[in-house]
Amino acid sequence: MFEELSLHILDIAMNSLAAGARNIQIAVIESVKHDWLIIRIRDNGRGMDGQTLKRVLARSFTSKSSRKKPIGLGLALLRQSSEMCGGTFDIRSVQGRGTSITASMRLSHVDRPPLGDLNATILALCASNEAVEVQLHCRSDEGTFYFSSQEGRPHEPRRTQKTQREGATASRAT
Amino acid sequence: MNLDELKKLKEKAQRQVALREGNKKYRVVFSMGTSGIAAGAREVMTTMLDEIEKRGLEDVEVRVTGEVGLEDVEPVIRIEEAGGEKTTYAHLDAGGARKIVAEHLEKGKKVDKLAVGKEKKTD
């Protein structure tokens, strides 16, 4: 079990990289007022078909075949964490379009792991593959924060913008 | 969550991304599967990135991979040299990571104490 939620985020986002995503959107929404912590990770990787998606939700699913989207224990661990903390876990995927994972938990739940070092997670992701755009949205009662690894880069490839649109379509389609 | 802290991230991430591009002499591959992350691979990676930046090493490329089948000795990294030589380091922590940067990546000397398995040569 991971001690920090940011490690969960890294683990899930690594699946996105393995699925060939060009764009990974991570959203962390924290509200003391409503007592929720919501984490969403959305990518435009190759997605999964219905059958794989069903198997992924089984607790013991693991895919050793590197041809498929390799998902190990990571999703099951995040689901366990969120359900243990009074929240829900949701995964949606459209083959060829991408995958979106949303995990929520009660902010005040005694078992809720701390968010931890989110910066280290984002840094590790950015350094893993510089061609992938990593976006981070944070929202809390204090305010909002947005980060993109492609921000302010001089030679932004056009392809990135295209895949970004595809990512947006995928999320609507789901 | 501290928004100020997150803001510092912007600059740093962009600087490090810029460092990672191009053909390099050394390629460091981090095992970032679930087991690697659980064992502390993220800290090993960020420490190495910091150290590489601090020492101004420009001939290093960083990559990640999923599970490498060495779950019992995670965190694991593999250093591939342009000549095809590969070295696998296991049971790493921040201290080990710093040492590998200082010895292997800067001076080209392997850290035998942290290395596992036999060296492999490809073509």
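Helices (H or I, at least four residues) and strands (E, at least two) are DSSP runs, numbered from the N terminus. By that numbering, H91(B) lies in the loop between strand 4 and helix 4 (94–107) of chain B. The model described here is predicted.

## Chain B: overall make-up

Chain B contains 4 helices and 5 strands. Read from the N terminus, the elements follow the order α-β-α-α-β-β-β-α-β. Chain B has 123 residues, of which 39% count as buried. Among contacts in chain B with a separation of 6 or more, 73% are between residues 24 or more positions apart.

## Chain B: hairpin and loops

Strand 3 (residues 77–81) and strand 4 (residues 85–89) of chain B run antiparallel and are joined by 4 bridges. Within this pair, I79(B) of chain B faces T87(B) in strand 4. The hairpin has 3 residues between the strands, and G84(B) there takes a positive phi near 105°.

Two loop residues of chain B have backbone angles worth checking by eye. Most residues other than glycine have a negative phi, and most peptide bonds are trans. The peptide bond between E74(B) and P75(B) is cis, with omega about -5°. P75(B) sits in the loop between strand 2 (60–65) and strand 3 of chain B. H91(B) is not a glycine, yet its phi is positive, near 55°. With 14 C-beta neighbours inside 10 Å, H91(B) is classed as partly exposed, because a residue is buried at 20 or more such neighbours and exposed at 12 or fewer.

## Chain B: helix 3 against helix 4

Helix 3 and helix 4 of chain B have axes that come within 8 Å and cross at roughly 40°. The two helices are therefore oblique to each other, and their crossing is right-handed.

From helix 3 of chain B, the residues in this contact are E43(B), V44(B), T47(B), M48(B), E51(B) and I52(B), which meet A94(B), A97(B), R98(B), V101(B) and L105(B) of helix 4 of chain B. Sorted by class, this contact has 7 nonpolar, 1 polar and 3 charged residues.

## Between the chains

Helix 3 of chain B (residues 41–54) also packs with helix 4 of chain A (residues 118–128), at an angle of about 70° and with the axes 10 Å apart. That angle makes helix 4 of chain A roughly perpendicular to helix 3 of chain B. The crossing of these two helices is left-handed.

Helix 4 of chain A contributes A120(A), T121(A), L123(A), A124(A) and A127(A), while helix 3 of chain B contributes R42(B), E43(B), M45(B), T46(B) and L49(B). By class, the contact has 6 nonpolar, 2 polar and 2 charged residues. E43(B) is named in this contact and also in the contact with helix 4 of chain B.

Chain A has an open sheet of 6 strands, in the order 3-4-2-1-5-6, with mixed pairing. Strand 3 (89–94) and strand 6 (143–148) of chain A are at the edges, each with a single partner strand, so one side of each has no neighbour in the sheet. From one strand to the next, the twist averages 10°.

The partner of strand 6 of chain A in an antiparallel pair is strand 5 (residues 133–140), and 6 bridges join the two. In this pair, S140(A) stands opposite G143(A) of strand 6 of chain A. Helix 4 of chain A packs on the sheet and touches strand 1, strand 5 and strand 6 of chain A, with its direction at about 165° to that of strand 5.

Of the 11 residues of helix 4 of chain A, 10 are buried, so the helix is largely enclosed by the rest of the structure. The buried residues are L118(A), A120(A), T121(A), I122(A), L123(A), A124(A), L125(A), C126(A), A127(A) and S128(A).

## Chain A: single residues

D35(A) lies in the loop between strand 1 (23–31) and strand 2 (36–43) of chain A. D35(A) is not a glycine but has a positive phi, near 60°. D35(A) is exposed, with 12 other C-beta atoms within 10 Å.

A18(A) belongs to helix 1 (residues 5–18) of chain A. A18(A) counts as buried, with 20 C-beta neighbours inside 10 Å. From A18(A) to D90(A) the separation is 72 residues in sequence and 20 Å in space, C-alpha to C-alpha.

Definitions and conventions
Residues are numbered from 1 along each chain as its sequence is written. Chains are lettered from A and ligands numbered from 1 in the order in which they are written. This is a predicted model: local features need pLDDT of at least 70, side-chain atom pairs count only at pLDDT 80 or more; totals for chains, interfaces and linings use all residues. Two strands pair if DSSP finds at least two bridges between them. Axes are lines fitted to C-alpha atoms, for helices over the stretch in contact, and angles run from 0 to 180 degrees between N-to-C directions. Angles under 35 degrees count as roughly parallel, over 145 as roughly antiparallel, 65 to 115 as roughly perpendicular and the rest as oblique. A crossing is left-handed if the near helix is turned anticlockwise from the far one by less than a right angle, and right-handed if clockwise. Two residues are in contact if their C-beta atoms, placed from the backbone, lie within 7 Å. Ala, Val, Leu, Ile, Met, Phe, Trp, Tyr, Cys and Pro count as nonpolar, Asp, Glu, Lys and Arg as charged, and the others, Gly among them, as polar.
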